[in-house]
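Subject: A structure for you to look at

Hello,

Here is the structure I promised to pass on. Please open it beside this email, so that you can find each part as you read.

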Amino acid sequence: MGSRALLLLSPAFRSDHLLISHFTKYGFHQTFRQMEKIRRGGVRDYSVHSSLERPNVARLAETARISLTPQEAEEFAPKIQQVVDWFGQLQDVDLQSVEPAIRPDTEAGSFREDSPETFDNREAIIAAIPSYEEPYIKVPKVLNKD
Amino acid sequence: NYRPPFDATAVKKLKESGAIIVGKTNLDEFGMGSTTEGSAYQVTANPWNLECVPGGSSGGSAAAVSARQCVVSLGSDTGGSVRQPASFCGVVGLKPTYGRVSRYGLVAYASSLDVIGCFGSSVADAGLLLQAICGHDKLDATSSKREVNDFTSQFISKDYFESQPLKGLRVGVISETLGDGVDQEVISSIRGAISHLEELGCTVSLPSFSLGLPAYYVLASSESSSNLSRYDGVRYGNQIASDELSSLYGGSRANGFGPEVKRRILMGTYALSAGYYDAYYKRAQQVRTVVKKSFKAALDSHDILISPAAPSAAYKIGEKKNDPLAMYAGDIMTVNVNLAGLPALVLPCGFVKDGTTSLPVGFQMIGAAFDEEKLLRVGHIFEQTLQGHSFIPPLIADEFKS
């Protein structure tokens, strides 16, 4: 994967018509073959992506506020690594001068008037609160870390 | 045991039209998965072969209609979660244009991709369901103000069809979807569908097609990592008590989310972190632009585009469970449509032999934005004129013997 990616890259940065020709090299077949290679665990060439650090599962779990058991962290790391490697395909394509699209933008989008309305089923909302002491939703103390 | 305090707009509209809500169906939790093996409850069996999956994430909704437990059902489609199970279960699955149906009340997975979709055992039923739920909703800022036509008036009996009802229809077959990596029998079913459409169906090439898959998973996992941060055990859901807030969050979330959901949140957190945003999320957004443009160009010169709904028929339960990438690969036919926000209709067109049983295969028709009417018209005509196939699972065939 690494060496092939390098081969694709060099002509890419020199040509204007690269966008289409690049993509045609990434046929269906390529997608499946590449996934096969990654799944077999034989490909670990970071030469193209060396500037990006590998995912640190423990740190990500802390950021995402999910308490992973050590076993889970160990099980997840290779699977997450595999998928992130696979994401790496996005690095190999020239996307210069392509605007990012935040949504499909199929003419959707309108804001309603900013006028408050009272919700008519507060009891049901309150009934769902795990720890409630009227009128407070209870949470434990926040530990000051720094 | 959570009871929502309000009805989703789509459900509210159904009740107002007189629909009888029979119940709720199984799915891969939070919409993340393609088999229902990610359900918090159980795996749903495919009515065509109980050892096979119904697809996902809206597998329960597809299976329920397939087994005729209900007439129609709703699902949600973020990367194919209505269309792929429709194909696996031999039913009609309709994904509307992004913005066509209000998402108020839909649990958000990836807000730039999610839509509510319809299942039915016929195109007319799926279309009727869509008619009931679409339209602008002030409670969903992404819902379109576009007028909704009457889709249902075109579901006429085939006795009234013109002699060549699809004459002049410009069909484009996406060439990248009929090559390597796709089951041979699926390809022949699709080719059968194409010739049934009585069109040579000139081929169309969408070169960016396969890059949509990693782009989709970057966007979906990133957006979901943000959307699922609300599940913190404080205002609803199961709370794992703790002395301290961070571990209350950590414990409640660890307890509440299954492994696939956790992994996607972690991947999304990674892709959005400082230093990686440009490399992943932003690039995926750029791929979205390329995908949108290539579909638009193809749909400027074609009425509809065709592809299989999935590269294979239903897998056996357990086959892909421990292999996330293999699971993701199955979404190749559907994700680009979500990136572009276009409508698509899947209907059954053939079968694949699986030992002694047959598994259904669906083909996908993709239309231009807000062109559900055309998709439904073509789908209805295709279905009504298709000879030699009945899509009733053997399991319940006895009830249909006259």
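Below are some notes on helices and salt bridges.

First, the ground rules. This is a predicted model, in which local features need pLDDT of at least 70 and side-chain atom pairs count only at pLDDT 80 or more, while totals for chains, interfaces and linings use all residues. Residues are numbered from 1 along each chain as its sequence is written, chains are lettered from A and ligands numbered from 1 in the order in which they are written, and side-chain values use heavy atoms, leaving out hydrogens and water.

Among the buried residues of α12(B) are L375(B), L376(B), I381(B) and F382(B); buried means under 20% relative accessible area, exposed over 50%, and partly exposed in between, using a 1.4 Å probe and protein chains only. The partners that the buried residues pack against include α4 (123–133) and β7 (344–354) of chain B.

Now to α4(B) and its contact with α1(B), residues 9–16. Their axes come within 8 Å and cross at roughly 105°, so the two helices are roughly perpendicular (65 to 115 degrees). Here A10(B), K13(B) and L14(B) of α1(B) meet L129(B), A132(B) and I133(B) of α4(B), where contact means heavy atoms within 4.5 Å.

Next come the salt bridges (a side-chain nitrogen of Lys or Arg within 4 Å of a carboxyl oxygen of Asp or Glu). The whole structure has 15 of them over all chains.

- K296(B) and D300(B) pair at 3.5 Å, N to O. Because they are four residues apart in helix α9 (residues 278–300) of chain B, about one helical turn separates them. Both K296(B) and D300(B) are exposed.
- D232(B) pairs with R235(B), also at 3.5 Å. D232(B) is buried, at 11%, whereas R235(B) is partly exposed, at 35%.
- K374(B) and D371(B) pair at 3.3 Å, and they join R170(B) and D303(B) in a network of salt bridges.

Enjoy exploring!

Best wishes

How values were computed. Axes fitted to C-alpha atoms, helices over the stretch in contact; angles between N-to-C directions. Parallel < 35°, antiparallel > 145°, perpendicular 65-115°, else oblique.
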